Amino acid sequence: MRYEWLVGLRYTRSRKRAQGRNRFISFISLVSMCGIALGVAALITVLSVMNGFQEELRSRILGVASHVQISGYDGELESWQAVADAAVKNPDVLAAAPFVEAQGMLSVDDSVRGVLVRGVLPAQEETVANFAGYMRSGKLEDLQPGRFGIVLGAELAQALRVRLGDKVTLIAPQGLVTPAAVLPRVKQFTVVGVFEAGMFEFDSGLALIHMHDAQVLYRMGDRVSGVRLKLGDLFSAPRVGAQLAATLGAVRVTDWTRSHANFFRAVALEKKMMAIILFLIVAVAAFNIVSTLVMAVQEKYADIAILRTLGASPGSIMAIFVLQGTIIGFVGLAAGTLGGTLLANNLDVVIPALEHLLGTTLWNKEIYYISEMPSKVLSSDVITITSVSFVLTLLAALYPSWRASRVNPAEALRYE
């Protein structure tokens with residue numbers, strides 16, 4: 001072993017018989033390690049939880065919305081079957097389903113709510129959405145053509161105070177022109193199902209009816225509003241959308257990254273800001289190493305001078321203290337990475353244990369519509385966190401080590 005390593009490791013180890021300032025320096029080293037470990041663990045855990053939330057929200061949104069949507073420029077699409085067949089030929093497209101979408105108003109007694117009405121073919125809709133997993137009562141298959149059944153979001157059903165079998169009146173904004181006046185089109189529907197996607201936007205404002213009933217109510221004939229597509233890789237939606245727009249001609253193609261762009265940008269920005277804030281915690285812990293090494297250099301002035309008189313170069317002296325600071329940072333970094341990864345992967349056990357220990361509710365399932373706190377550890381996040389944290393600890397060790405290498409042996413030994 002090179003003597004720089006030997007001396008650096010000896011300076012780092014806490015000796016049982018250490019007295020006075022030596023023991024205090026060892027204590028500060030331990031505090032620095034713990035600070036780095038806690039900062040790294042917190043950073044990994046928080047980013048993993050935010051990754052889990054982002055994935056959970058994405059899956060809930062795309063369980064109701066679509067990966068890619070093809071529609072006509074005037075809001076109507078003719079020959080939808082040909083468009084769907086052409087879209088499915090793309091190797092990235094798994095399924096296609098037509099839909100009719102329009103604004104409406106639901107009325108029950110004195111309660112009135114504006115809704116987005118979506119006409120679907122239940123069998124095909126299940127290939128592009130996940131309503132079956134969100135149904136609280138009834139089934140999507142209960143929507144039969146000509147029977148005028150309707151499936152409501154849970155919040156919407158609660159606001160209208162309706163249950164399965166109740167009647168609701170759907171008012172279409174497109175009116176009937178009569179000699180007396182323009183009258184709105186009105187049709188009574190029977191509630192055949194209630195879904196709860198866990199997204200307020202859909203639970204409070206979306207109503208599903210059979211596509212044939214929607215075409216009759218909105219007088220669309222055989223036309224539809226568009227075709228919804230499901231992809232094998234949801235992140236390929238922009239590329240697939242561009243390909244379809246080029247091949248299908250005069251149609252409007254949108255994807256989920258555009259239709260919900262602001263929402264996911266907000267989540268991504270929040271994740272970045274949280275990462276910056278938590279990296280500051282790691283930086284504070286890393287720069288505790290500066291004070292540790294400064295005190296170590298002051299304590300070891302005589303040792304440094306003796307090493308210099310024995311022929312040690314300034315570079316070797318600097319390497320000893322860089323090694324000492326690096327070891328402190330590496331141990332803290334390793335402990336924080338291990339602890340943070342284990343914590344992030346076992347939140348489903350840790351959260352209930354903390355709730356039992358504290359006698360309080362930390363994760364309210366009634367509010368978040370999620371049974372447990374989501375968490376997803378990404379290797380890219382762990383690599384970035386460990387790399388940046390290690391660089392911070394290395395930078396923190398450079399200045400005190402450089403000062404140690406500048407010690408003048410004669411000055412240091414004058415009063416020894």
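Reply: A word on names before we start: helices here are DSSP runs of H or I with at least four residues, strands are runs of E with at least two, and each kind is numbered from the N terminus. With that in hand, our spot is Asp109, which sits in the loop joining β2 (93–108) to β3 (111–120). Please keep in mind that we are looking at a predicted model.

Is Asp109 buried or exposed? With a relative accessible area of 73%, Asp109 is above the 50% cut-off, so it counts as exposed.

Asp92, in the loop between α3 (80–88) and β2, pairs with Arg239, with 3.2 Å between the closest N and O atoms. Arg239 is part of helix α9 (residues 237–248), so this pair links distant parts of the chain, 147 residues apart. Arg239 is partly exposed at 41% relative accessibility, and Asp92 is partly exposed at 22%.

Now let's step back to the chain as a whole. How many helices and strands does it have? The protein chain comes to 17 helices and ten strands. It has 416 residues, of which 47% count as buried. Among contacts with a separation of 6 or more, 79% are between residues 24 or more positions apart. In total, the chain has six salt bridges.

One of them connects Lys376 with Glu55, at 3.5 Å between the closest N and O atoms. Lys376 is in the loop between α15 (365–368) and α16, whereas Glu55 is in helix α2 (residues 20–62), so the pair ties together parts that are 321 residues apart in sequence. Lys376 is partly exposed, with 34% relative accessibility, and Glu55 is partly exposed as well, at 35%.

A couple of other loops are worth a visit. Arg161, found between α6 (154–160) and β6 (167–177), has a positive phi of about 60° without being a glycine. Arg161 is exposed, with a relative accessible area of 64%. Glu196 lies in the loop between β7 (182–195) and α7 (200–203), and at 23% relative accessibility it counts as partly exposed. The C-alpha atom of Glu196 is 6.3 Å from that of Met135, although the two are 61 residues apart along the chain.

Finally, here is how some of the helices pack. The axes of α13 (residues 314–345) and α16 (residues 379–405) come within 8 Å and cross at roughly 150°. That angle makes α13 roughly antiparallel to α16. The crossing of α13 and α16 is right-handed. Residues of α13 that take part include Phe321, Gly325, Gly329 and Leu333, and those of α16 include Phe390, Leu394, Ala397 and Trp402. Sorted by type, the residues in the contact of α13 with α16 are 13 nonpolar, nine polar and no charged.

Helix α13 also packs against α14 (residues 347–358), with axes 5 Å apart and an angle of about 80°. This makes α13 roughly perpendicular to α14. Leu343, Ala344 and Asn345 of α13 meet Leu347, Asp348 and Val350 of α14. The residues of the contact of α13 with α14 divide into four nonpolar, one polar and one charged.

Conventions. Residues numbered from 1 in each chain as written. Predicted model: local features only at pLDDT ≥ 70, side-chain atom pairs only at ≥ 80, totals over all residues. Heavy atoms only, no water. Axes fitted to C-alpha atoms, helices over the stretch in contact; angles between N-to-C directions. Parallel < 35°, antiparallel > 145°, perpendicular 65-115°, else oblique. Left-handed = near helix turned anticlockwise from the far one by under 90°. Contact = heavy atoms within 4.5 Å. Nonpolar A, V, L, I, M, F, W, Y, C, P; charged D, E, K, R; others polar. Buried < 20%, exposed > 50% of the residue type's maximum accessible area, 1.4 Å probe, protein only. Salt bridge = Lys/Arg side-chain N within 4 Å of Asp/Glu carboxyl O.
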